[in-house]
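Let us walk through this model together, one part after another. Please keep the viewer open as you read.

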Amino acid sequence: MSNRRITRRDFLKVAAVTPIAGALVPGLKGVQSAQKAEPLKKVRVVLVRDKNALDASRRHNPEVIQKMLDDAVTTLLGENDPIKAWKMLIKPNDIVGIKTNVWNYIPTGEAVEQALKRRVMDAGVPEDSISIDDRGVLVNPIFKKATALVNARPARSHHWAGMGSCIKNYITFVPVPSDYHPDTCSNLATIWYLRQVKDRTRLNVLVMLTPLFHGIGPHHYSKEYTWEYKGLIVSRDPVAADSTGLRILQAKRRQYFGEDRPMQPTPHHIFLADAKHHLGVSNPDQIELVKLGWDEDILI
Amino acid sequence: MAEDLKNQERDRASLVPREILGWKALEDQTFDPKTIFNYIDGGGEVYRAYNFKSLLARRFEREGKSALIVDFFDMGSSSDAFGVFTHDLEGENMGIGQGSTYKGGLLSFWEGRFFVSVYAEEETEETKEAVMALGQEIASAIPEQGEKPALLSLLPAKNLDEKNIHYFHNHLILNYHFYVSNENILLLDQQTEAALALYREKGERINLLLIRYPEAKKAEQAYQSFTQAYMPDAKEPGRVKTEDNKWTAAKIKSNLLAVVFNAPSEALAEEMIRNVVRK
């Protein structure tokens, strides 16, 4: 898809061959494709869940989360030993920025941040070459000279981008975030081609411990619209991770509302990150989804 | 000038109580269309799209209880206060102000030129009681009432879902509720008035978009722009069967443009358009 006008009808046309579009525009069920599907090269995404990831007060359980992350990364890379797996991602001389998210209602959380930091250190990176940051990345000396980024954020609905996604998590790498607001943040993927970010991301973690599937009011939050999914989605491809998370949020909305209610606004930045900006793949047919652990109410 | 603004700010602040059922106010924060992103990030675009003038944010705390937050928006006009209220219509009408909804700890209402959100960070019986009391006090303190936009009276009543009418100006909000295009193919701007309404007919959900432009010439340009971009394959002027086997139809009358989306048949699309034009 080139840099051209896109209408609702374009989503209708691609709905059958790109099912993610069905999560963007309502009423697409039953649209038939006239095209014969070609064999596709698949991108691996790991969804790991553990019933004990949270305690009764929804506090994150650090030991369980470390194990979930290890299981996901080893499965993602096909290497049984977590430290060896991390050494495939990070070199000892890397300078590593762990891009977190500090949104006050559902932050990434210290358990995930520290689990990532521990494994980056296990890969041989000294502690003083690692930083965890969100809104300060543009002035953070480690992030300014980072050779590797690890991207971790919670999945949630978002009042202007449709979904708070791995793709969107890099918005703090631009000085004026509102520059990316047009067409409800449709071109967020372009941030990933900026000098400070381009080709540096080694891993994406979409935190699905207590996702927000719907938002209300100026603060776009109500606990009523969160649930204890107790999962992490891990991939090297941010678009594939987001596309998978979006399908789960969409399924939860269907379950909660009793009808097919697409996200508002539509998180088409995920679809366009694939179709227009070629950052990764959004089409579930191109994603090899590996599910680990607890599978009750998995929704995908 | 600066003194006037300060006085206005003080007047607005006086409409919100500083204490309610044991919750006490912390220091106020105020935001304008440029600074609102510092408070609610991208969500600020919604209020900017409705021409908001200022926001007073007041947080209330009580030991051992969840915080309450009042966001008090001066929208500048009752049309825009009503419009921004229609942005999020979920919830139960609590009979507060000129229209209200409550859901999940959040009370929203409009009164006069003001839009008010009262929010409990955790919903309990106690916080709900405090949210309602705060809402009642604020609504009673606002000295003015406002009119709903006259454009709404042009929506045909038959099969209209009254709880699903959104009033707005620009294509950002249109796309929020019903994605049409990444480009502004309907030539909407802050001077246009638009209503997006849902109609239910035998289980089908049909969307009617009604737009009033400042002048007829602009409506004609918008019709041309929309039909060229959205229905270049139309066999009849202003109507097309889309890829989901539904019908889209568009028609202008003077400075009004009506578009029906998702009609299950060509005949129904035509009928709905006729009903608008007849009004």
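The C-alpha centres of domain 1 of chain B and domain 2 of chain B lie 32 Å apart. Domain 1 spans residues 2-141 of chain B and domain 2 spans residues 150-278; such bounds come from an automatic or database domain assignment. This is a predicted model, in which local features need pLDDT of at least 70 and side-chain atom pairs count only at pLDDT 80 or more, while totals for chains, interfaces and linings use all residues. Residues are numbered from 1 along each chain as its sequence is written, and chains are lettered from A and ligands numbered from 1 in the order in which they are written.

How do the two domains of chain B meet? Eight residues of domain 1 of chain B are in contact with 11 residues of domain 2 of chain B, where contact means that the C-beta atoms, placed from the backbone, lie within 7 Å. On the domain 1 side, helix 3 (44-49) and helix 4 (78-85) of chain B are the elements that give two or more residues. Helices (H or I, at least four residues) and strands (E, at least two) are DSSP runs, numbered from the N terminus. By class, this side of domain 1 has three nonpolar, four polar and one charged residues. Here Ala, Val, Leu, Ile, Met, Phe, Trp, Tyr, Cys and Pro count as nonpolar, Asp, Glu, Lys and Arg as charged, and the others, Gly among them, as polar.

Taken as a whole, chain B has eight helices and 14 strands, and its C-alpha atoms fill a box of roughly 65 × 45 × 30 Å along the principal axes. Of its 279 residues, 46% count as buried, that is, with 20 or more other C-beta atoms within 10 Å of their own, the C-beta atoms being placed from the backbone.

Now turn to strand 13 (residues 247-253) of chain B. Six of its seven residues are buried, so strand 13 of chain B is largely enclosed by the rest of the structure. Strand 12 (residues 239-241) of chain B pairs with strand 13 of chain B in the antiparallel sense over three bridges; pairing requires at least two bridges found by DSSP. K241(B) stands opposite W247(B), and in the hairpin of these strands, with five residues between them, N245(B) takes a positive phi near 65°. Strand 13 of chain B also runs antiparallel to strand 14 (residues 256-263) of chain B, with six bridges joining them. A249(B) has V260(B) as its bridge partner there. The hairpin of strands 13 and 14 of chain B has two residues between the strands, and S254(B) in the turn has a positive phi of about 55°.

What about chain A? Eight of the eight residues of helix 8 (residues 268-275) of chain A are buried, so helix 8 of chain A is largely enclosed by the rest of the structure. Its cover includes strand 5 (162-164), helix 6 and helix 7 (238-257) of chain A. Helix 7 and helix 8 of chain A pack at an angle of about 145°, with their axes 10 Å apart; axes are lines fitted to C-alpha atoms over the stretch in contact, and angles run from 0 to 180 degrees between N-to-C directions. V239(A), D242(A), S243(A) and L246(A) of helix 7 make this contact with I270(A), A273(A) and D274(A) of helix 8.

Finally, 32 residues of chain A are in contact with 31 residues of chain B. Helix 1 of chain A gives the largest share of the chain A side, four residues.

Definitions and conventions. A residue is buried if 20 or more other C-beta atoms lie within 10 Å of its own, exposed if 12 or fewer, and partly exposed in between; C-beta atoms are placed from the backbone.
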